[in-house]
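Subject: Handing over the structure

Hello,

Here is the structure I am passing on to you. My notes on it follow below.

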Amino acid sequence: MDSTAKAAILSAKKLALLILNACVVTSFAVVREQPLAQKVNDARIERVLHGLRPPVAIKGRPEVRWTIAERMASHHVPGVSVAVIDDGRLAWAGGFGVKEAGKADSVTASTLFQAQSISKAVAATATLVLVDSGRLSLDEHPNTYLKSWKLPDNEFQVQEKVTLRRILSHSAGLTVGSFDGYRSGEPIPTLLQILNGEKPANNPPIRVDVTPGSISRYSGGGAVVMQQLLMDVTGRPFPDLMRLLVLEPVGMAVSTYEQPLPGVRTNEAASGHDGEGVVVRGRWPIQPEMAAAGLWTTPTDLAKWALEITNAWSGRSSKLLSKKIATEMLTIQKPPFGLGVNIQGTGQALSFFHGGSIWGFRALVVMFPAIGKGAVIMANADRADALIGELIMSVAAEYQWPARAQSVREVVPLTSTQLDGLVGTYSLPPAPSGQPVVYEISRDGEQLFAELKGLGSYPKTELYPSSANAFFSTTGLNVVFTRDSSGRAVSVKMGQIEGTRKQ
């Protein structure tokens, strides 16, 4: 629901936020893997909860710090769940706020959230378990194992082939970056319909449209091909094989890939909310693309998975993987991807991570395997991206992570003419549903603002100039404009997404 919603709904939102502010602290309950020094640990938790900060600070301006309650209210996020890893174990975990705005059911450490794209990393682990046991090869064409469906051959595969390694590292040339999900009551497609892009699937066919290995391009479609492959190889439904290969061995006791979530478990789940804090229709998306986006889980369970990967990579006893295959998993295959995860840094700063995002939910898992530190954060609202970034900054500072510290950047002054040349609307690639997406740039005095429209509800964000054409936000987003000879911007690059001026 957008900002033109009726007054009665807006009043309900305000009431929900008042309830959130009242509940956010009282509903928090800490769980620990083993007894810790109470005073020391509680002091560290309190510093995290009161030390939220933007990923980017402005040079010369006062230091900014927030409480988690303040930022949940500001970003319209009803509920958040957190797990922090330190010294190679779960240090603490807990929930904040409520499962659904306007209700009193608190988020706890066992509340289920949608992991969305983090599902890919956990599903990739199942593939690597089968590689480790010799049942699969990373360098074979998936059609070697597929029985129910075959990836169509075409001219792009003459010189190079699709392989499991390339699927897991998003370099197989497969289409369909992400999936939009389905709402309760809508027809749900079969996996074959999704693979072929046939109604009622809301995605185009999953095909190869560039030479495999030539580029790195995120592909949820590749994860769906992997899902069918794993089912064909094991002869089991996907939720069942994930439970047997990964979830049960790791001890992810409350996690499931079942889609839709079974009715008997719906009370365990947080409801998704839009950018204004209003419950999304149907409470959450339904994701038959289970390997790509279907995992229901908790930060505590995902922390167990991250620790298990870390144990294997470190050469310690692992219930899942050998050191050899875990090392391949955490080695960049084609930047920035390892096998199923994003990779950053080297040495003690080496990290593997993955995010998750769809209407109503946001999530992030980060792990530094060399030093046994990390965190998982899951939230139930569209504007939780910023909150997660701010909370990660606080955790990183308190637990002395070797990366993800707040950076300090300098702002340069621009003239009114330079700013005016950027104001306008820019067309970006469409949403998974095909809906148009635009980036609107506006000006208020000497301040420049940007607003993303078409991918949910996002607030206006101030952009700070580092040069005449390069800008940044305090969330860490880099925005670069290209101007024509008159000084009028003709295109924009927002992070890695490019757009052209519409007006």
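**Cavities**

Three helices, α4 (118-132), α5 (164-168) and α7 (220-234), each supply at least two residues of the lining of the largest cavity. Helices here are DSSP runs of H or I with at least four residues, strands are runs of E with at least two, and both are numbered from the N terminus. The largest share, three residues, comes from α7.

Before going on, two remarks on the source. This is a predicted model: local features need pLDDT of at least 70, side-chain atom pairs count only at pLDDT 80 or more, and totals for chains, interfaces and linings use all residues. Residues are numbered from 1 along each chain as its sequence is written, and side-chain values use heavy atoms, with hydrogens and water left out.

The structure holds two cavities of 30 Å³ or more. A cavity is a set of points, on a 1 Å grid over the protein atoms alone, where a 1.4 Å probe fits but cannot get out; lining residues have an atom within 4 Å of a point. Grid points are joined across faces, edges and corners, and a volume is the space filled by probe spheres set on the points.

The largest cavity has a volume of about 70 Å³. Its lining includes Lys120, Ala124, Met226 and Gly340. By class, that lining has five nonpolar, four polar and one charged residues. Nonpolar covers Ala, Val, Leu, Ile, Met, Phe, Trp, Tyr, Cys and Pro; charged covers Asp, Glu, Lys and Arg; the others, Gly among them, are polar.

The second largest cavity has a volume of about 60 Å³. Among the residues lining it are Ser171, Leu174, Val210 and Arg217. Its classes are five nonpolar, five polar and one charged.

Threonine 297 sits in strand β5 (residues 296-297). It counts as buried because its relative accessible area is 0%. (Buried means under 20%, exposed over 50%, partly exposed in between, with a 1.4 Å probe and protein chains only.) Its side chain makes a polar contact of 2.6 Å with the side chain of serine 255. A polar contact is a pair of N or O atoms within 3.5 Å; within protein, one must be able to donate a hydrogen and the other to accept it, and residues adjacent in sequence count only if both atoms are side-chain atoms.

Aspartate 420 is in helix α13 (residues 416-420). It is partly exposed, at 44% relative accessibility. Its side chain makes a polar contact with that of arginine 443 (2.6 Å).

**Strands**

β18 (residues 497-501) runs antiparallel to β17 (residues 489-494), joined by four bridges. Two bridges join β18 to β11 (residues 424-428), also antiparallel. Strands pair if DSSP finds at least two bridges between them. Lysine 493 has glutamate 498 as its bridge partner in β18. Tyrosine 426 has arginine 501.

**Backbone**

Most residues other than glycine have a negative phi, and most peptide bonds are trans. Some exceptions follow. A cis peptide bond joins lysine 199 and proline 200, with omega about 10°. Another joins proline 335 and proline 336, with omega about 5°. Valine 176 has a positive phi of about 70°. It is buried, at 11% relative accessibility. Glutamine 400 has a positive phi of about 55°. It is exposed, at 66%.

Best wishes

Key:
On a 1 Å grid over the protein atoms alone, a cavity is a set of points where a 1.4 Å probe fits but cannot get out, and a pocket is an open set with protein on both sides within 12 Å along at least five of seven lines; lining residues have an atom within 4 Å of a point.
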